[in-house]
Amino acid sequence: MHRRTALGGALTALATAAAGVLVAAAVSTAPAAAAAGGTGTGYLHTSGSKIVDSTGATVRLTGINWFGMETDNKTFHGLWSSNPWRSQLDTMARLGYNTLRIPYSNDALKAGATATGINDFVNPDLIGLSPLQILDKVIDYAGSKGMRVILDRHRPTSAGQSPLWYTSTVSEATWINDWKMLAQRYAGNTTVIGADLHNEPHAEGTNPAATGACWGCGDTARDWRLAAERAGNAILGVQPNWLIFVEGVSCPSGGLSNVWDNDPSNDEDCGWWGGNLSKAGQFPVRLNVANRLVYSPHEYATSVYRQAWFDDPSYPANMPAIWDKYWGYLYKQNIAPIMMGEFGTTLQDPKDKIWLQNLMAYTGTGVNGMSFTYWSWNPNSGDTGGIANDDWTTINQPKQDILTPYLIPPTGGGSTSSPSPTGTPNTSPAPTTPAPTTPPPPTGGCTASYKQINSWAGGFQGELTVKNTGAAAVNPWSATWTWPSGVTLASGWNATVTQSGTTVTAAAPAWASSLAPGASVTVGFTANGTAATPGSVKLNGTAC
């Protein structure tokens, strides 16, 4: 993604079922010898169309993209929000995303690169860190939750995507050397499982004067298949345990069809940028280390571009044959695994909901289905939106509901949200199980402090920190405070925050119900009305 002009072509005749059918044909999958929970054990490799772990158990990567490191900020977007970075990862894991695909540009890897757009108050542990140092921290924390990480060379520079893997300012040698550096940096770290070599190679120029990425044309300056072999083998020379993720092209010729010249030899069937692997069966990527190749197409809906197939009278029954032709055959014929690296939609067009439902059904259910990383976590993806809403905290539930049946949560933290380290509040949505309505009697004292984080016309954001100064733990804890009349709660985090009249109650979440002696909790909130300091703060009825 980021951002494409999608290229459609004259779609050749495809076998389709009757019009109006709203169910995609699921891929046929043979039972695995063993099935792994989460993302398995050790490094991953391939076996036919499967991804398997070091024990041979089948692993399905069901992940999400968190972008930003490929932009001018050179680090993850959303670090400017009120939701700490660890808490965002907590939410991803809790929702069932077991893999994180991280786009980057070569600019972010340069010596002296500076990360920007970080809320220092919310993320004090990121102050002064380079983009790579922030990446290290995200990888370490994701790994602690059982998640895996795929690195994605998204752009040569932060200025934009490129049809080829090199540009006039970023050479092929730079591309490969940066990959080798990353492979060495994370050698031995089984959280990082592989390299998505270059994002969305695509056509440029009009046939027969093609100048974009081709597949199987034999021109070393344009043949993406050959370039993927060069980079993949260079990486495997440094880190032979990584998976090599290879995207498709848009048009196998590398050029756009000239439909006006009445020469059908110049016209071909094109697909999404990075989404056309129709020639990979005939011209496979050849790697020096066996069982490391994963093909990674991209697939999008009308909110990105209204391809001709969306308006076919038989839609959506026509879609499985299209997916079969572009990339699904590689999986169905047991040639190689598929990891759909990007797919997404705003869901604003009713056709897009049908598309997403049918696409997920096509990938298959359970551990034997095709792997994927959804685009994106970020709400600021202009043509798809995100799983996170604009507050970077709450969730776009309609999208999540479609994806949930296909998600396999990571082990070691994916099923429930875990508390963040002291000083870094966890803003994952609270569990649905309510806290007890009657807290235990007071067992000691407390103190309270308040910080206003932000304000705007008609509202404000604040954080109330309550410390247990008593000699015994408060379990479960519950803090209350009052606001002047006219101030109303908009949202809250780190607790189940509710309001009755002028009294606000923050009840302990299930993952952090106990407040130990000397411990403190920070409750964050946004509110409507004139900014006001919480008054009459109490911890389980004891005034602070």
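# Notebook: contacts, rings and disulfides in a predicted chain

**Entry 1: overall picture.** I started with contacts (heavy atoms within 4.5 Å): of those in the chain with a separation of 6 or more, 76% are between residues 24 or more positions apart. This is a predicted model, so I keep in mind that local features need pLDDT of at least 70 and side-chain atom pairs count only at pLDDT 80 or more, while totals for chains, interfaces and linings use all residues. Residues are numbered from 1 along each chain as its sequence is written, and side-chain values use heavy atoms, with hydrogens and water left out.

I looked up burial next (buried is under 20% relative accessible area, exposed over 50%, partly exposed in between, with a 1.4 Å probe and protein chains only). Of the 544 residues in the chain, 56% are buried. For secondary structure I get 7 helices and 22 strands. Those are DSSP runs numbered from the N terminus: helices are H or I with at least four residues, strands are E with at least two.

**Entry 2: confidence.** I checked pLDDT, the predictor's confidence in each residue, from 0 to 100. The chain average is 85, and 85% of the residues score at least 70. Residues 3-36 fall below 50, and this stretch has 94 contacts in the model beyond near neighbours in sequence. Residues 413-443 also stay under 50, with 73 contacts beyond four places in sequence. Where pLDDT is low, the predicted coordinates should not be read in detail.

Entry 3: I followed an open sheet of 5 strands, in the order 18-19-16-21-22, with antiparallel pairing. Two strands pair here if DSSP finds at least two bridges between them. Which strands stand at the edges? Strand 18 (496-500) and strand 22 (542-543) do; each has a single partner strand, so one side of each is left without a neighbour in the sheet. Further in, strand 16 (residues 478-482) and strand 21 (residues 535-539) run antiparallel and are joined by 3 bridges.

**Entry 4: aromatic rings.** I searched the whole structure for aromatic pairs and got 26. The rule takes rings of Phe, Tyr and Trp (its six-membered ring) with centres within 6.5 Å; planes under 30 degrees apart are stacked, over 60 edge-to-face, and the rest tilted. I picked Trp165 and Trp224, a tilted pair at 5.9 Å centre to centre with 40° between the planes. Trp165 lies in the loop between strand 6 (148-155) and helix 3 (172-185), and Trp224 in helix 4 (residues 224-238), so the pair ties together parts that are 59 residues apart in sequence. Both Trp165 and Trp224 are buried.

I then looked at Phe310 and Tyr315, which make an edge-to-face pair: 5.8 Å centre to centre, 70° between the planes. Phe310 is buried at a relative accessible area of 0%, and Tyr315 is buried at 9%.

The charged end of Arg86 sits over the ring of Tyr141, 5.7 Å from its centre.

**Entry 5: disulfides.** How many disulfides does the structure hold? I count 3, taking a disulfide as a pair of cysteine sulfur atoms within 2.5 Å. With bonded cysteines counted along the chain, the pattern is 1-2, 3-4, 5-6.

- Cys214 is joined to Cys217, S to S 1.9 Å. Cys214 is buried at a relative accessible area of 0%, whereas Cys217 is partly exposed at 39%.
- Cys251 is joined to Cys270, S to S 2.0 Å. The torsion about the S-S bond is about 120°, so this disulfide is right-handed. Cys251 and Cys270 are 19 residues apart, each in the loop between strand 8 (243-246) and strand 9 (293-295). Cys251 is buried at 0% relative accessible area, and Cys270 counts as buried at 2%.
- Cys446 is joined to Cys544, S to S 1.9 Å. This link is left-handed, with -105° about the S-S bond. Cys446 in strand 14 (residues 446-456) and Cys544 in the segment after strand 22 are 98 residues apart. Cys446 is buried at a relative accessible area of 9%, but Cys544 counts as partly exposed at 35%.

Note on methods:
A charge sits over a ring if NZ of Lys or CZ of Arg is within 6 Å of the ring centre and within 35 degrees of the ring normal.
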